[in-house]
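User: Hi, I have a structure open and I'd like to walk through it with you. Could we go through it piece by piece?
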Amino acid sequence: MYNSNDITYPLISWYKLYKRDLPWRRDFNHANTPYNILVSEFMLQQTTVNSVIDHYNRFIDRWPDLKIFSDATEDEVLEMWSGLGYYSRGTNLLKTCKIINEQYQGKVPNSMDILKTLPGIGDYISSAIVSIAYDMPSQAVDTNIQRVITRYFSLKYDDPTKNKKNVQDIIFELTSHDSPREVIQGLMDLGSKFCKPREVHCKECPLNDGCVAFSNKFFDYSKVKKQKKIPIKYGYVFLIKKSNGSYMITKRSSKGVLANTYQFPTSEWQEEIQIQGLIKSSRKNYGAYHEIASINHQFSHFKLELKIINVTKYNSEFLDSSITFGGKWVFPDELNKMGFSSLMKKVFPYLGY
Ligand code: SF4
């Protein structure tokens, strides 16, 4: 058994002095607090805090409360999400806010069970909202919290389900004992500052007095993922221009990478070994073309190299079928207002070649 005070007292004292100054944390007594936390938690899924701050600030400047945001269109949200990746988070956030506006009078629910019925919200986001926005006990466990608690108690990592359940039980106990908001955010900050995946700064850590890993000088790194070799994929992006200066664009499918974003028509993205076949089928579809440049993009699980192809003579049958599937002609000065991903924005400088 442990005494919750041994953790929460030094943790919260340290947090009050050294907490990260993050824009969604600045005013917890504001009516918009739950909306701000909801937006930040959607953005923070699979994305680092530093990458989120700028997007979050622009998002809140444009849509300062949930009611205003509920009137946004999907294209506007995708345009704002450009550069953050995992675009389905943006479309799910919009769907969730529309439901909250219509069915919950614009107030973000404080019940995990209700929150989990909304698009894009699972165990973690619902518990983070309950604890951070409403200061209520929960089992909010992100990767930072899991690592800190696992090391503090020297829990075993070998059974991930059991490990997570143990950590969740401990977090529920700690957040029932002291301010949930400060406990959760304190552990997140401590995990990012001292108790990092591959390095620990135990001498400066406020929890070092009771930490079993520190006293045993044994830090279980077994769950720290080894850097995997990231595969490279290749493909083509086609600039197809009409005589009036407009370009053909299409919308990506609602599932998968860059879901629902606009793009210039692309081939499939494939690994090098298959690229020969790709060239042949592309030639059949597009007639005369020449390559003008190539762009690179880093996704979390692969790298992409796209060759930009200027199509000078195209197969009208193919274009007609593109239009049927959602393709349209757009002038270059309209492109910036549409929901293009940061990958496709890299193509913009090559328009007009
Ligand atoms: S004392 Fe070290 S291992 Fe323990 S929680 Fe702090 S940083 Fe992590």
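User: Which helices do the buried residues of helix 6 pack against?
Analyst: In this predicted model, the buried residues of helix 6 pack against helix 2 (33-44), helix 4 (66-70) and helix 5 (74-81).

User: And which residues of helix 6 are the buried ones?
Analyst: They are R89, G90, T91, L93, L94, T96, C97 and I100.

User: How many residues does helix 6 have, and how far does it reach?
Analyst: Helix 6 covers residues 88-103, which is 16 residues, and from its first C-alpha to its last it reaches 22 Å, close to the 22 Å expected at 1.5 Å a residue.

User: What comes after helix 6?
Analyst: Helix 6 is followed by Q105, which lies in the loop between helix 6 and helix 7 (112-115). Q105 has a positive phi of about 55° although it is not a glycine.

User: Why point that out?
Analyst: Because most residues other than glycine have a negative phi.

User: Is Q105 buried or exposed?
Analyst: Q105 counts as exposed, because it has 8 C-beta neighbours inside 10 Å, and the cut-off for exposed is 12 or fewer.

User: What about L258, what is its phi?
Analyst: L258, which is not a glycine, also has a positive phi of about 55°, and its place is in the loop between strand 2 (247-251) and strand 3 (262-263). L258 is buried, however, because 23 other C-beta atoms lie within 10 Å.

User: Back to helix 2 then. How do helix 2 and helix 3 cross?
Analyst: The axes of helix 2 and helix 3, the latter made of residues 49-62, come within 10 Å and cross at roughly 140°. The two helices are therefore oblique to each other, and their crossing is right-handed.

User: Why do you give me both an angle and a distance?
Analyst: Because two packed helices are described by the angle between their axes together with the distance between those axes.

User: Which residues meet there?
Analyst: From helix 2 there are N36, V39, S40, M43 and L44, and these meet V49, V52, H55, Y56, F59 and I60 in helix 3. Sorted by kind, the residues of this contact between helix 2 and helix 3 divide into 8 nonpolar, 3 polar and no charged.

User: Let me pick V49 from that list. Is it buried or partly exposed?
Analyst: V49, which is found in helix 3, is partly exposed, because it has 15 other C-beta atoms within 10 Å. If we leave out residues up to four places away in sequence, V49 touches L22 and L44.

User: How far apart are V49 and L22?
Analyst: Along the sequence V49 and L22 are 27 residues apart, while in space they are 8.6 Å apart, C-alpha to C-alpha.

User: What about helix 2 and helix 8, at what angle do they pack?
Analyst: Helix 2 and helix 8 (residues 123-133) pack at an angle of about 145°, with their axes 10 Å apart, and helix 2 passes helix 8 in a right-handed crossing. On the helix 2 side the contact is made by T33, P34, I37, L38 and E41, and on the helix 8 side by I125, A128, I129, I132 and A133. The residues of this contact between helix 2 and helix 8 divide into 8 nonpolar, 1 polar and 1 charged.

User: There's a proline in there, P34. What is it in contact with?
Analyst: Leaving aside its neighbours within four places in sequence, P34 is in contact with V108, I129, A133 and Y134. P34 counts as buried, because it has 21 C-beta neighbours inside 10 Å, and its C-alpha atom is separated by 8.6 Å from that of P109, although P34 and P109 are 75 residues apart along the chain.

User: New topic: how do helix 1 and helix 10 cross?
Analyst: The axes of helix 1 (residues 4-18) and helix 10 (residues 160-177) come within 10 Å and cross at roughly 65°, and the two helices are therefore roughly perpendicular to each other. Here S4, I7 and T8 of helix 1 make the contact with E173, L174 and H177 of helix 10, and these residues divide into 2 nonpolar, 3 polar and 1 charged.

User: Last one: how many helices and strands are there in the protein chain?
Analyst: The secondary structure of the protein chain comes to 16 helices and 7 strands, and of its 353 residues 33% count as buried. Among contacts in the protein chain with a separation of 6 or more, 68% are accounted for by residues 24 or more positions apart.

Technical notes: Residues are numbered from 1 along each chain as its sequence is written. This is a predicted model: local features need pLDDT of at least 70, side-chain atom pairs count only at pLDDT 80 or more; totals for chains, interfaces and linings use all residues. Helices (H or I, at least four residues) and strands (E, at least two) are DSSP runs, numbered from the N terminus. The expected span of a helix is 1.5 Å times one less than its number of residues. A residue is buried if 20 or more other C-beta atoms lie within 10 Å of its own, exposed if 12 or fewer, and partly exposed in between; C-beta atoms are placed from the backbone. Two residues are in contact if their C-beta atoms, placed from the backbone, lie within 7 Å. Axes are lines fitted to C-alpha atoms, for helices over the stretch in contact, and angles run from 0 to 180 degrees between N-to-C directions. Angles under 35 degrees count as roughly parallel, over 145 as roughly antiparallel, 65 to 115 as roughly perpendicular and the rest as oblique. A crossing is left-handed if the near helix is turned anticlockwise from the far one by less than a right angle, and right-handed if clockwise. Ala, Val, Leu, Ile, Met, Phe, Trp, Tyr, Cys and Pro count as nonpolar, Asp, Glu, Lys and Arg as charged, and the others, Gly among them, as polar.
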